[in-house]
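Student: I am new to this structure. Could you show it to me and then take my questions?

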Amino acid sequence: MLHLGLTGGIGAGKSTVAATLAECGGHLIDADQVARDVLDPGTEGLAAVVAEFGPDILTKDSRLDRPALARRVFGEEDALRRLNAVVHPLVRAETQARLADLPADAVVVHDVPLIVENDLAAEYHLVLVVGAGATTRLQRLQRDRGMTVEQIEARMAAQADDTQRAQVADEWIVNDGDLQAAADQVRQLWRDRIGPYAANLAAGRCAPRHEQAELTRAPQGPRSWQVQAEAILARLRRAGGDLIRTADHIGSTSVPGLVAKDVLDLQLGVADLAAADRLAPALAAAGFPQVEGRWYDSPKAGLAEPGTRWDKRFHANADPGRAVNLHVRVAGGPGWRYALLCRDWLRNDAGARAAYQQVKEHLVATTGSTRDYAAAKEPWFDQVWPQIQAWAERTGWAPPQP
């Protein structure tokens, strides 16, 4: 299944977007509704909340008095933590039960208001954030919910801000007043990204790549390459669990200030290649199917015996909206060390960065495809390998312990 996390600040109009996603074929799971259902009269959830907070949070007919409970926990960190400790496991269990009834290739839309606040972004293949200006949100909440300005401001202050949401947003859906425009955005997103991603995921295949090598500068702001890489690495760590020893952003997009193809290179370190093979199904389910073939890195003198090949496993993203090369190498092995060493050398040596950028720009102008471009860079790295070694010795460089 393809799992989408849908979130947005209060009054952003998330329900409008959720309805459009459902029209497109998404299966909606509303976290707020699930949280209400697990606290219905007679449930173990309601009994547990009463045991924690006392019978004065019940109405006369033994239902949960939600305003009374809200007054108990709003702004009280310890009380909110105790409530979440009761409710969250029940919500997860009920969500899993509902997922069990869906087809294996379903697109599941998880409507979760507090994805950012509860650090849940890594649980979804994509996070969609619905955004609207503060004035628009205030007017909606006054009109539709009868809330006062003071109540609205207090609720907004208790939630994440747009900068924090942007850091986890794979897609930002503008919903600033024109409902038709927002619905059109969602339908196009479904056609261009969500639908193809779901089809690729179900088929276990990678998304097609643009073959022409092109260089670009890093995006600025909360969706920098570094932020995007860290978000994806968090998903991979969650998917791989204890099989993953290290997870790093490598390659040109990991070097600030360096132009690069808009492809994130990520590296997972594992105990051995048998562990990499055991990890492959989990990575595929997370949206990173394995690419067939024998994959290896070009050895460098001093890091391996002459003539040996640095075998690895290679995965790529099924998501057509974000190209990723995922290298799975033995943690502590020569290929793993070399990737980290080259990254750190380029990060710390301005002259090396400038020279490498000139090489990249020349090769883009003279090679015809991304495959040719990648192969043409290798001789340059062979040439500068003594400089990289000297820098490592001079600075005492060492990779992190796996």
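Tutor: Start with two terms. Helices (H or I, at least four residues) and strands (E, at least two) are DSSP runs, numbered from the N terminus. Two strands pair if DSSP finds at least two bridges between them. This is a predicted model, where local features need pLDDT of at least 70, side-chain atom pairs count only at pLDDT 80 or more, and totals for chains, interfaces and linings use all residues. Residues are numbered from 1 along each chain as its sequence is written, and side-chain values use heavy atoms, with hydrogens and water left out.

Student: What makes strand 6 and strand 7 a pair?

Tutor: The rule asks for at least two bridges. Strand 6 and strand 7 (residues 264-270) are joined by 5 bridges and run antiparallel. One example is Ala247, whose bridge partner in strand 7 is Leu268.

Student: Which strands make up the open sheet, and in what order?

Tutor: The sheet has 5 strands in the order 6-7-10-9-8, with mixed pairing. Its edge strands are strand 6 (246-250) and strand 8 (295-297), as each pairs on one side only. On average, neighbouring strands are turned by 35° against each other, direction ignored. Axes here are lines fitted to C-alpha atoms, for helices over the stretch in contact, and angles run from 0 to 180 degrees between N-to-C directions.

Student: Which strands does helix 10 touch?

Tutor: Contact means heavy atoms within 4.5 Å. Helix 10 (residues 225-240) packs on the sheet and touches strand 6, strand 7 and strand 10 (324-330). The direction of helix 10 makes about 35° with that of strand 7. Helix 12 (residues 334-348) lies across strand 6, strand 7, strand 8, strand 9 (310-316) and strand 10, at about 45° to strand 6.

Student: Why does helix 12 count as largely enclosed?

Tutor: Of its 15 residues, 11 are buried, so helix 12 is largely enclosed by the rest of the structure. Among them are Trp336, Arg343 and Trp345.

Student: How do you know that the length of helix 12 is close to the expected one?

Tutor: The expected span is 1.5 Å times one less than the number of residues. Helix 12 reaches 21 Å from its first C-alpha to its last, close to the 21 Å expected.

Student: Why is the pair of Trp295 and Phe314 called tilted?

Tutor: Rings of Phe, Tyr and Trp (its six-membered ring) pair if their centres lie within 6.5 Å; planes under 30 degrees apart count as stacked, over 60 as edge-to-face and the rest as tilted. The centres of Trp295 and Phe314 are 4.6 Å apart and the planes stand at 40°, so the pair is tilted. Trp295 lies in strand 8 and Phe314 in strand 9, so the pair ties together parts 19 residues apart in sequence.

Student: Is Trp295 buried or partly exposed?

Tutor: Trp295 has a relative accessible area of 26%, so it is partly exposed. Phe314 has 10%, so Phe314 is buried.

Student: How many aromatic pairs does the whole structure hold?

Tutor: The search finds 7. Ring pairs also link Trp345, Tyr356, Trp380 and Phe381 into a cluster.

Student: What makes a disulfide, and how many are there?

Tutor: A disulfide is a pair of cysteine sulfur atoms within 2.5 Å. The search of the whole structure finds 0. Cys24 is partly exposed at 26% relative accessibility, and Cys206 is partly exposed at 24%.

Student: Why is Asp119 called exposed?

Tutor: Its relative accessibility is 68%, so Asp119 counts as exposed. Asp119 lies in the loop between strand 3 (107-111) and strand 4 (126-131). Asp119 has a positive phi of about 55°, although it is not a glycine.

Student: What about Leu6, buried or exposed?

Tutor: Its relative accessible area is 0%, so Leu6 is buried. Leu6 is found in strand 1 (residues 2-8). Its contacts beyond four places in sequence include Val17, Leu21 and Val130.

Conventions:
Buried means under 20% relative accessible area, exposed over 50%, partly exposed in between (1.4 Å probe, protein chains only).
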